[in-house]
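The tour goes from stop to stop, and each one tells you what to select next.

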Amino acid sequence: MGVKLLLDKAHVEGIRYYDVYRREGGYRSVEKALKMSPADIVEEVKKSGLRGRGGAGFPAGMKWSFIAKPEGVPRHLVCNADESEPGTFKDRYLMEFLPHLLIEGLIVASFALGSNATYIYIRGEYAWIPDILEQAINEAKANGWLGKNIQGSGFDCEIYVQRGAGAYICGEETALIESLEGKRGNPRIKPPFPAVKGVWDRPTVVNNVETLAAVVPVINMGGEAYSKIGVGKSTGTKLISACGNINKPGVYEIDMTISVEEFVYSDEYCGGIPNGKRLKACIPGGSSVPILPANLLFKTAKGEQRMMNYESLSDGGFATGSMMGSGGFIVLDEDQCVVKHTLTLARFYRHESCGQCSPCREGTGWMEKILKNIETGKGKMTDIDLLWDIQRKIEGNTICPLGDAAAWPVAAAIRHFRDEFEWHVNNPELCLTQNFGLAHYADAREVVA
Amino acid sequence: MFIHIDNKTYTVKAGKNLLEACLTLDLDLPYFCWHPAMGSVGACRQCAVKVYKDENDMKGRLVMSCMETVTEGLRLSIEDKTAKAFREQVIEWLMTNHPHDCPVCDEGGACHLQDMTVMTGHDYRRYNYKKRTYTNQYLGPLINHEMNRCIQCYRCVRYYRDYAGGDDLNVFAAHNHVYFGREKDGVLQSPFSGNLSEVCPTGVFTDKTLKEHYTRKWDLTMAPSVCNHCSVGCNTIAAERYGQLRCMLNRYNGDVNGYFLCDRGRFGYEFVNSENRIKQALIRSRTNEAATESEIMEHVQSLISMSKVVGIGSPRASLESNFALMQLVGKENFYQGISEDEAHLNRLVVEMLRSGCVHSVSLKEIEQADAVLIIGEDIWNTAPMMALAVRQAVVKTAASQASQEIKIPVWLDSAIKELAQEEKGFLATLTIATSPIDDIATHSWHAAPDDLARLGFAIASYLQPGKIVNTDFSEALLDKAKKIGDALKKAKNPVVITGTSCYNDNVIKAAFDVAVALNTGERKTSFSCVMTECNSMGLAMMGSPSFSVANENIKTNGHATAVILENDVYKHIPSANADEFFNSCDHVIVLDALHNATTEKAQVLLPAATFADGDGTLVNNEGRAQRFFQVIPNTTSQVQESWRWLKKLQTLKLHTLNGHALHPDDLLREMETALPQFEGITNVSPKHDFTIHGEKIPREPHRYSGRTAILANKNVSEPKPFNDGDSPLSFTMEGYKGTPPSGVVPFFWSPGWNSVQSVNKYQEETNGALRGGNPGLQLFKNKSDARDLFFNDVPESFVVAKDRWLLLPKYDALGSGELSSYTAALKTLSPQPFASMSTGSLQALNAKDGDMLQIVDAGIMYGSLPVKADENVCDGVVLVTAGLRESMGMSWGTRVQIKK
């Protein structure tokens, strides 16, 4: 049983409401933080080694320390709750069941950053969650945790919930800022960075929901203690939203010391593959990170056991590794078709491209069309090379990371599953009714039925 | 500083981006979303190059050249394989949805997308799926919309919204289905919409008036021209085929219009092709009115030698024509063809600029101003391009502040826009009525002209206490003056703009006094006064009396022949006075291009050339003399420049006929001698016999087709090309192929650059002056020893009089042109005539919004007009749509009666 810092109270009856949450020890971190200086809080977060949980894994304390502090200019904290990556739903879980944990983290972070007006930018499709958050905000306010002069500290803070309109791109921090300002959600060119000029030209820090929630245990237990959980630079705990062909889909908190194998097969977590099927492939960190075939999922290319943490998951680079990403763990069993799966992702990225820069706008649509042809038995062998060529030219050449996010899954699919693509081309009739199956990249391990 | 491009070392200017640096060095690098006037956003990814850390770095990094600043010793490669492959790929991406309809596309042959496609070397398309299709929109009579061709460079919305301040064109939807258009079909509202046709790198937005008589760019005969439709004098390219003017294009002039034109200027050309053109000389009251040139000459010679001859000049005729008339009739008999009121104002403006104590400002300098004060002129409607320049000043001031604040180059447009957000530089508009430019103003105030003048004087007085002999400025006025004065004081390059359109000399004097009061040692103030016509300034500089004086003279002395030059007298003078004048004249000879009320009075009518079928020089409101050149070859009709008619008459009269050809140069030389204020005017353009290596500059591109066929229906032998001999330009496709002197650039073209973007090959640096300096000659010089001139002429406050209303003009950017109204498209966009008054005034008249009112002035009844209530018009004033046929000859600036 791993350490649980965020979800330890998730199953307490009524934890969604203030009274229960407070009784269970909620808002202690705010009490503690308000007695500290903002600089000390930032220092604690730095010490904790807490990394951004949105996908990029940038150290949160470092990000906080970059915020510009010009005289007389308000600063803002924005909570990025635009969780829209296929396979990622950990933030939704947090906000839905532990809204006060997020609010608590937001108050501490707002205090540390000097934000008197803090925003939660929430994905439009999470239609029912803003009400939950607003209720929690009202409860917190009624109990003196928000508003003017919080707990007599002299610090004022308001939290506003802003609904997005359903664009994945608005999860990119500068597009989020544009959207928050009421504009079209196109990513901005950096510099200037949000830490200098963000929302309404003011210094802004944008953090993921989970990152902000993790601030609570960081403050409660101290940065030093937090950094001791986990391994290496993967400190603390991470929420993993597991889905796909597993027995127990759901959101799990891990302390980053367990192996991928354990995570997939242990009853504490995914509980193995249903119906006695074998594992074929897995996307360990949300739809945009490279897919890994089973043989590379459990063991790195060097033959070491792959662990559920930032370093181990990216071991081997994109050639043989993947990324921790946002923690959207998608499992594919032997019945799944990688081409079809890649097509689904390509369709998603084509649809979510903002249309600003050419590679992403035109390239994603083209990739989708090619994949569709291959999937439906109309592909040619040259299409696979073309697909490879297109994704390679998108990657790294777009304004924002959406281009990369669209290119990586295609690249990884071709890299690891090229024979499956070729099989589709060579068997145009067969591929409509049958699956390629496991082939050589299947997990060596026998099924644990 | 030095940079290395493909292992060659070049010197470049610091602060530029890599794309600008490469283009300035004449290296070809493809681009779409970058525009020299709008900066970089890094959207199209077309201009990718490799940048290396140092000479040992072999791998390099792909960057967008428009997004990187040049740094000392920077190493980059354009020719690098990866970079080239990527640029080719970008074109292939864009081509996935671009239709292959070049043969039927208006842009074909002048298309930036075609050029860039060829430049990248992309030829084989691997995309074999359906292309997406869109529904096109109706965008009004000026601009055609064909969205399927769009390559999503975002230039249109960036130009239309950010640069020109429009709000009815936008980007909709997302991913590979982005749509640029209006919320719903409808006329584009901005008077600068025509530039979309040049801003768009392909055929999405094209010139709809050209579509009516379409010709490929390579088949056009083109000549440098100057816009006729207001006093700003934007540089244009007039383009002809089959004897018809086909379209007007922008001609870059770094000091004047830059890359853009207003819609009146771009689309107002159709009068040249109008059925109303005078093509035949007439001697009226003969059985056969049509006369040959020799008949005319004989007839006119007798008329002008019999009696005293009076010449009526014109603010829309060239300097040459006005001067030729002056020579013909004698200086003492030459009059400006405008009312005394207007002539008085124009004289005042000339006096101010000639004093040399403030700088007469160019549009380019207005763009760089850090504070702008406008007193009494609705420049949005009377000089649209100046309003666009003011908008840039206001936006750029905020942008440059932002860029200094966090060290971001000004060309990094998207970042700068984020930084500046809603911030604007200082602009105060003090005008008689609201104008769209008020939207970006820090202060707007609407009042009667005398009150505007009082505020102006109060500002001057605040800036330099004691210089204005104070009268009784109210507290409120002083408070306003202080606010504006303080903002102006903070500026380094303030500009004061005024104009003649409210027919009040106090307004102009006040504006000038503000400019002079601001002009202290460390601060360079600039001043601009908008005038009414394209050569108002040139005519005013000639210093002749007004039409009213001519009228008096003729009335007293009688027996005169009047020669009227390209002037509809009824436009400037109340019809009763004009009738009186024509009745007193024994003979009336009129030279004009279009029939109008004045040509009706002519006993002898001579067909005059327009800007398209003649050469001439115009002086814009800044005092910049600029030459326009003939583009329509004239082989058959009698149409010729007025100055040629007049000069022929003069030689007949003086018996000095010597058989020598006559050129505008000769006239200008004589003018320089006779009128020293025009010193240097002969240098305004290369002389008529100018050649380069013995070659003239061709008006036709070398791909011009069909010249052996165009006249084959008349004669199968190819005729000798027309040659007017007036300029260094030839009417052929042969001639000098290099870059001509900046003033005689007939079109922009360079190998591989067929679109308007080729202008970068003619510039010293991107966005800079044309090679060899921008054309045009500033006739007013700053004088360092000029004594500060204060008019100090504070009027009394405006008093509302019972039953007498101050009549003031309300101009319209598209509708108010005498000549542009012949373009059917502009005519439909022109407002219906109306009057506007405050509700207070309406109550006093016992009238309500929508009632028909009749203006009565000195016994003349004008047609009745619907009245609109307008809270921003002050009590006691009536505004009437100006420049329309219905309001011709109204005595603006005087008090009139109104009948219900």
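Which residue lies over the face of Tyr242(B)? Select Arg241(B): this residue lies over the ring face, at 5.0 Å from the ring centre. A charge counts as over a ring if NZ of Lys or CZ of Arg is within 6 Å of the ring centre and within 35 degrees of the ring normal. Go next to Phe731(B), where the charged end of Arg699(B) sits over the ring, 3.8 Å from its centre.

**Before going on**

This is a predicted model, in which local features need pLDDT of at least 70, side-chain atom pairs count only at pLDDT 80 or more, and totals for chains, interfaces and linings use all residues. Side-chain values use heavy atoms, without hydrogens and water; residues are numbered from 1 along each chain as its sequence is written, while chains are lettered from A and ligands numbered from 1 in the order in which they are written. Colour chain B by pLDDT (the predictor's confidence in each residue, from 0 to 100): the mean is 92, and 100% of the residues of chain B reach 70 or more. For the complex, the predictor gives an ipTM of 0.92 and a pTM of 0.95.

**Aromatic pairs**

Over all chains there are 40 aromatic pairs. Rings of Phe, Tyr and Trp (its six-membered ring) pair if their centres lie within 6.5 Å; planes under 30 degrees apart are stacked, over 60 edge-to-face, and the rest tilted. Select Tyr168(A) and Tyr349(A): the ring centres are 5.8 Å apart and the planes at 70 degrees, so this pair is edge-to-face. Tyr168(A) lies in the loop between strand S3 (158-163) and helix H8 (173-180) of chain A, and Tyr349(A) in helix H15 (residues 338-352) of chain A, so the pair ties together parts 181 residues apart in sequence. Helices (H or I, at least four residues) and strands (E, at least two) are DSSP runs, numbered from the N terminus.

Are these two tyrosines, Tyr168(A) and Tyr349(A), buried or exposed? Both are buried, where buried means under 20% relative accessible area, exposed over 50%, and partly exposed in between (1.4 Å probe, protein chains only).

Now move to Phe86(B) and Trp93(B), an edge-to-face pair with 6.0 Å centre to centre and 80 degrees between the planes. Phe86(B) is buried at a relative accessible area of 1%, and Trp93(B) is buried at 0%. For an aromatic cluster, select Tyr159(B), Tyr163(B), Tyr252(B), Tyr259(B) and Phe260(B) together.

**Backbone stops**

In chain A, show the peptide bond from Lys190(A) to Pro191(A), which is cis with omega near 0 degrees. Another cis peptide bond joins Pro191(A) and Pro192(A), with omega about 0 degrees. Pro191(A) lies in the loop between H8 and strand S4 (204-208) of chain A. Most residues other than glycine have a negative phi, and most peptide bonds are trans.

What is phi of Asp6(B) near? Phi is near 45 degrees, a positive value in a residue other than glycine. Look for Asp6(B) in the loop between strand S1 (2-5) and strand S2 (8-11) of chain B, partly exposed at 28% relative accessibility. Finish at Asp26(B), which has a positive phi of about 70 degrees although it is not a glycine. Asp26(B) is in the loop between helix H1 (18-24) and strand S3 (48-52) of chain B, and is partly exposed with a relative accessible area of 40%.
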